[in-house]
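Trainee: I would like to learn how to read a protein model step by step, starting with its sheets. Could you guide me through one?

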Amino acid sequence: SSDKIDVLVYGPLRPILEKGFPDSFNVHHATTQADLEALPADVKGRIRGIAVTFHTVKTDAAVMAMLPKLEMIASFGVGYDHIAASHAGQHGIIVTNTPDVLTEEVADVALGLLIATCREFIKADRFVRSGEWSEKPYPLSVGSLRDRTVGMVGMGRIGQAIARRLEASLVPVVYHSRNPAAGVANRHYPDLLQMAKDVDTLVVIVPGGAGTNRIVNAEVLKALGPRGVVVNVARGSVIDEQALVEALKSGTILGAGLDVFEKEPAVPDELKAMDNVVLLPHIGSAAIVTRNAMDQLVVDNLKVWFAGKPPLTPVPETPVKGR
Ligand code: NDP
């Protein structure tokens with residue numbers, strides 16, 4: 001067994017990850033950072049790869065320092081703000097994520113969430129279930145997809161997949177990102193506030209982390225105006241949640257559809273009490289077919305790396321040396 005490759009599954013257990021590793025791997029588990037710290041020193045000394053199964057565990061410099069033989073952090077999910085990727089890069093550790101395989105799934109959820117918010121699907125569902133429909137028809141919705149211009153906050157893989165869906169629905173789309181996206185003809189706004197002044201709808205799909213922390217703030221929300229709708233399928237950190245609560249309460253904007261929150265799984269009671277929001281429990285990619293593909297890509301990155309080949313999906317912070 002000494003020639004086996006020791007890998008650690010770090011975070012909540014995921015069935016495919018458990019079954020997917022070849023016999024040449026010796027698989028250890030740590031659900032939390034405390035579990036990781038409690039692993040015997042000789043095990044920590046042998047671990048060469050980690051499969052990070054969820055964004056709820058942080059793989060920071062301290063974790064990497066505990067694992068002196070670490071070569072690869074294969075992270076589940078496309079967003080990797082819970083991994084200290086630059087630090088890994090400086091220490092010759094490869095970080096991989098799971099892009100592309102979830103793009104269309106998350107785009108489906110974003111468009112569904114936008115329509116559900118504008119046309120009040122959840123409130124209308126409650127209306128049917130409560131029996132109110134037998135007394136009166138459902139009131140006309142103030143919101144509609146028909147008269148909107150969507151400003152995408154982020155126009156990467158998923159942003160472009162959302163934009164395609166919106167354009168098929170005849171909704172005009174513009175976008176904000178730091179640089180114009182290659183091959184994208186929609187109007188680009190280097191300035192988010194300027195875009196917010198020109199549109200009434202934001203669909204947020206940028207990475208989390210310091211660069212995007214609360215970029216959707218009170219001023220941006222106010223600029224959307226009273227017809228304003230915000231959909232967030234990115235990370236809770238991108239929107240100033242308290243400012244959003246205030247904007248929704250005061251009618252500064254019309255509504256919001258949120259798949260992500262600042263302190264998941266905690267959701268502010270004020271949001272839960274509102275009728276003009278649709279709240280989802282971070283399910284953007286959470287369909288069996290897509291989660292299986294993501295799990296498989298985590299396993300495959302580790303498999304190819306320890307077979308001496310280049311990783312399939314390294315992140316830009318960890319460029320790969322020749323293999
Ligand atoms: P990409 O890397 O393909 O696209 C990211 C986009 O964000 C680019 O347009 C980029 O443009 C822009 N961006 C990055 N940093 C900034 C910044 N500081 N200010 C403004 N724009 C910025 O990523 P994906 O489309 O594949 O995924 C996007 C994110 O979606 C993930 O990182 C993840 O956090 C989230 N996500 C959420 C899911 C869910 O379950 N709700 C599921 C999947 C993903 P530029 O670099 O020019 O600024």
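**Reading the sheets and the core**

Mentor: Begin with the open sheet of 7 strands, whose order is 8-7-6-9-10-11-12 and whose pairing is parallel. Strands (E, at least two residues) and helices (H or I, at least four) are DSSP runs numbered from the N terminus, and two strands pair if DSSP finds at least two bridges between them. Strand 8 (188-189) and strand 12 (277-279) stand at the edges with a single partner strand each, so one side of each has no neighbour in the sheet.

Mentor: Before going on, note that this is a predicted model, in which local features need pLDDT of at least 70 and side-chain atom pairs count only at pLDDT 80 or more, while totals for chains, interfaces and linings use all residues. Residues are numbered from 1 along each chain as its sequence is written.

Trainee: How many bridges join strand 6 to strand 9?

Mentor: There are 4 bridges between strand 6 (residues 150-153) and strand 9 (residues 201-204), which run parallel, and M152 has V203 in strand 9 as its bridge partner.

Trainee: In what order do the strands of the open sheet of 5 strands come?

Mentor: The order is 2-1-3-4-5, and the pairing is parallel. Its edge strands, which pair on one side only, are strand 2 (25-30) and strand 5 (94-96). Strand 1 (residues 5-10) is joined to strand 2 by 6 bridges, the two running parallel, and D6 stands opposite N26 in strand 2.

Trainee: Which residues have the most contacts inside the largest nonpolar core?

Mentor: A nonpolar core is a set of buried Ala, Val, Leu, Ile, Met, Phe, Trp, Tyr and Cys residues joined through C-beta atoms within 7 Å, where buried means that 20 or more other C-beta atoms, placed from the backbone, lie within 10 Å of the residue's own. Here the largest core has 89 residues, and A110, V203, V204 and I205 have the most contacts inside it. Helix 6 (residues 103-118) gives the largest share of this core, 9 residues. Leaving aside residues up to four places away in sequence, A110 touches I162, V203, I205, V231 and V233, contact meaning C-beta atoms, placed from the backbone, within 7 Å.

Trainee: What average pLDDT does the protein have?

Mentor: pLDDT is the predictor's confidence in each residue, from 0 to 100, and where it is low, the predicted coordinates should not be read in detail. The protein averages 96, with 98% of the residues scoring at least 70, and the model scores ipTM 0.99 and pTM 0.97.

Methods
A residue is buried if 20 or more other C-beta atoms lie within 10 Å of its own, exposed if 12 or fewer, and partly exposed in between; C-beta atoms are placed from the backbone. Two residues are in contact if their C-beta atoms, placed from the backbone, lie within 7 Å.
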